[in-house]
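This briefing covers a ligand shell, a sheet and a pair of packed helices. Please read it alongside the sequence and the coordinates.

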Amino acid sequence: MAILLLAIGVKRFLERQMTKKHRSPLEYVALTSLALLVAAIAKYPNRAIFTRARPDLKEISVDGYPLFGNLIQALTNKENPLIVLNKAFQKRGDIYTITVPYRGRFFLVNHPMYIEYILKTNFNNYIKGTVFGDQLRDILGNGIFVSDQDAWRFHRKTASNIFTTKMYRQLCEGAFTDSAQDLCSIFDKAESLGNQPVDLQQLFLRLTMDAFGKLTFGIEFNSLMTEGRNEFGDAFDYLTANMDGRVVNPLWPIFDRLTPGKIRKVKKAIAVLDKEDGSVLSDLELRDVFVNFMIAGRDTTALTLTWQFYSLMANPRILKNVLKELDIVLQGSNIYTYETMMQELPYLKAVFHETLRLYPQVPRNAKEVVEDDVLPNGTVVYKGDLVGFSTYAMGRNRAVWGEDAEVFCPERWLVDEEDIAKQDVTTSSNATPSTPPLKGVSPFGKFKMENQFKFNSFNANPRLCLGQTFATLEAMVTSCMLLQKFDFKLVPGQPVPEPKPSATLPMLNPLMTIATRKQLHHHHHHKSLTKTTTTTTTRSGDSSLSSSYISV
Ligand code: HEM
């Protein structure tokens, strides 16, 4: 309609101009602009303005609008961008290309071959660049996530010193167990109030935030044990959701200004982050390290736990296997050693990785091309182009994972002991070989890690996630304790969870769950129970919560 009216207006204007002898300066300007516009449309008939004509890409190009390229499709599509991407790959295959004004040309790829090429083979040519740097600097500062080359190497070296086996050992039996224990007390409280449902997503976010604050910078958020809203967590959630919008939409600075109160809200949220750590840390550099690690360490693990618990509740067969393994291997013990977590619970480890395959917590990513180059299939990319991939779509690619790609199936990560002897595969864990297991041995074989480019939920070397082992341990310790002590049931009548658009992959809605204490088994180790009870009582200082432990 609007286009029709515009066309009529332009036609009338031109008709008047044709018959005229004398024109006003304004009419000259209008005529020239119109001529330029027509020329620009002729030059960029189906792609974004200032992008290079690429007749060689005809086969893989998605037609766009003149000058705007594919921006309009991207902005008007109301579906979740991840679902849009996944469908586009299913329709177009493993590589296609679009254009967006100001951002330029995007190549979207969905096969391990490309991932290996951009993340490893030609690593130095595919950088974060301006995709992340410029868009997210007010939130992420100059931290590891947005840095490249020398600055990144410096961050990487400094940060990797933190992750040691010694630290992992302490975490498993200390902080991770403690926070899981805090969560148990919340479940107990909810149960004592008449089987109240709880939102697992909120609780897991609080759990990982508490653990992380304590571990990294000695901050006591105590968000699990604090009722009501959680200012720091809320500020964080708001910013991660906002970050995502900016990467998709090059016009974000304008949109932010047009949305009432948005700029103020973003600034306020950033101020909360600045304030929180400012009181403990002295300078801006540390603030950046903190914010970057908080994003890395809090949301990813918490949301993986959320999807994992959903998947278990939705698949009773798999839940039963997990419980069987825990029973056989842990025999009621609440001592979770590093070795046991990494090596003796292959089924639970498989469940965690299967969750990350289908619900990767960095669901999309993009790199900027430094110098002209050729992708493995022969496609030429030019300096400044962007290459994007979606771990979410890759997990659902049948050509990569088989016909059952969309099915939650931990068994795909398991191999028999004999197969291992034959193939001599190494497991993912970097744990030192443990002493022969004294407890029962899992009946589910061995966990076998997938190739990093096929399973890229933790990115890939040399920029592999530094917190991979940390996250695996935290999720496994938490899962062990919760599943040993509680039965979990989804509150009936909830829709199947769907992802919320964000830089990570939260659930759109709360995951309402009823947790009920299990009846005690005979072989429980009372030694560990006493230990954790004492810890909780002193730490929480809330006698009503602690008493629910003592009664166990
Ligand atoms: C399930 C949980 C996690 C997942 C799925 C995950 C995934 C990822 C991914 C995909 C990247 C690459 C991001 C990019 O460069 O574009 C990354 C980087 C990183 N992750 Fe994680 N992460 C998790 C947990 C953690 C935890 C708990 C920590 C810290 C304790 C952490 C620390 C880091 C750091 C420091 C980087 C930057 C590495 C670099 O750029 O060299 N991650 N992670």
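The points below are grouped by topic and describe a predicted model.

**Shell around the ligand**
- Of the 23 residues around the ligand, those that come nearest are Ala296, Thr300, Asn459, Cys465 and Gly467.
- At least two shell residues come from each of helix 7 (149–160), helix 14 (284–314) and helix 21 (468–485).
- With six residues, helix 14 gives the most to this shell.
- Sorted by class, the shell has twelve nonpolar, nine polar and two charged residues.

**Sheet and the helix packed on it**
- Three strands form an open sheet in the order 4-12-11, and their pairing is antiparallel.
- Strand 4 (198–199) and strand 11 (486–490) are the edge strands, each pairing on one side only.
- Two bridges join strand 4 to strand 12 (residues 512–517) in the antiparallel sense.
- Val198 has Thr513 of strand 12 as its bridge partner.
- Helix 9 (residues 175–192) packs on the sheet and touches strand 4, strand 11 and strand 12. The direction of helix 9 makes about 90 degrees with that of strand 12.

**Helix 15 with helix 17**
- The axes of helix 15 (residues 316–330) and helix 17 (residues 346–358) cross at roughly 140 degrees and come within 8 Å.
- The two helices are therefore oblique to each other, since angles count as roughly antiparallel only over 145 degrees.
- On the helix 15 side, Ile318, Asn321, Val322 and Glu325 meet Tyr347, Leu348 and Val351 of helix 17.
- The residues of this contact divide into five nonpolar, one polar and one charged.

How values were computed:
Residues numbered from 1 in each chain as written. Predicted model: local features only at pLDDT ≥ 70, side-chain atom pairs only at ≥ 80, totals over all residues. Near = placed C-beta within 6 Å. Helix = DSSP H or I, 4+ residues; strand = E, 2+ residues; numbered from the N terminus. Nonpolar A, V, L, I, M, F, W, Y, C, P; charged D, E, K, R; others polar. Pairing = 2+ DSSP bridges. Contact = placed C-beta atoms within 7 Å. Axes fitted to C-alpha atoms, helices over the stretch in contact; angles between N-to-C directions. Parallel < 35°, antiparallel > 145°, perpendicular 65-115°, else oblique.
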